[in-house]
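Dear colleague,

Please find the structure below, handed over for your review.

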Amino acid sequence: MSHLIETPGPARPKRPFFLRRGPMEAIATVLIGLGFLMLFQPFLLVLYTYSLVTLLIGTVMFIIVSKFPV
């Protein structure tokens, strides 16, 4: 009968939203894509100007967040 009893696994700690890998990787990926689109749009100089900053923030964020626990 003991094989039918399920033993509970270790409880995973609840992490705040900004310390979870999945949502933050998604945000970083959106920032990289947004920076890429801003770089190649021909209409607004302001968007073109800040595209490199957006790309860098998204890339650094992705590198840092990919080290977070799942």
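The secondary structure of the chain consists of two helices and zero strands. Please note that this is a predicted model. Helix H1 covers residues 21-40, and helix H2 covers residues 45-65.

Regarding the chain as a whole, 16% of its 70 residues count as buried. Among the contacts in the chain with a separation of 6 or more, 57% are accounted for by residues 24 or more positions apart.

Valine 30 lies in helix H1. Its relative accessible area is 58%; because exposed means over 50%, valine 30 is classed as exposed.

Valine 46 belongs to helix H2. With a relative accessible area of 55%, valine 46 is over the 50% cut-off and is therefore exposed.

Which residues make the nonpolar surface patch? The patch is made by Val46, Tyr50, Val53 and Ile57, and its area is about 400 Å². Valine 46 is thus both an exposed residue of helix H2 and one of the residues of this patch.

Yours sincerely

Definitions and conventions. Residues numbered from 1 in each chain as written. Predicted model: local features only at pLDDT ≥ 70, side-chain atom pairs only at ≥ 80, totals over all residues. Heavy atoms only, no water. Helix = DSSP H or I, 4+ residues; strand = E, 2+ residues; numbered from the N terminus. Buried < 20%, exposed > 50% of the residue type's maximum accessible area, 1.4 Å probe, protein only. Contact = heavy atoms within 4.5 Å. Patch = residues over 30% accessible without salt bridge, like charges linked within 9 Å, V, L, I, M, F, W, Y side chains within 5 Å. Areas by Shrake-Rupley, 256 points an atom, 1.4 Å probe, with all protein chains shown as cover. Salt bridge = Lys/Arg side-chain N within 4 Å of Asp/Glu carboxyl O.
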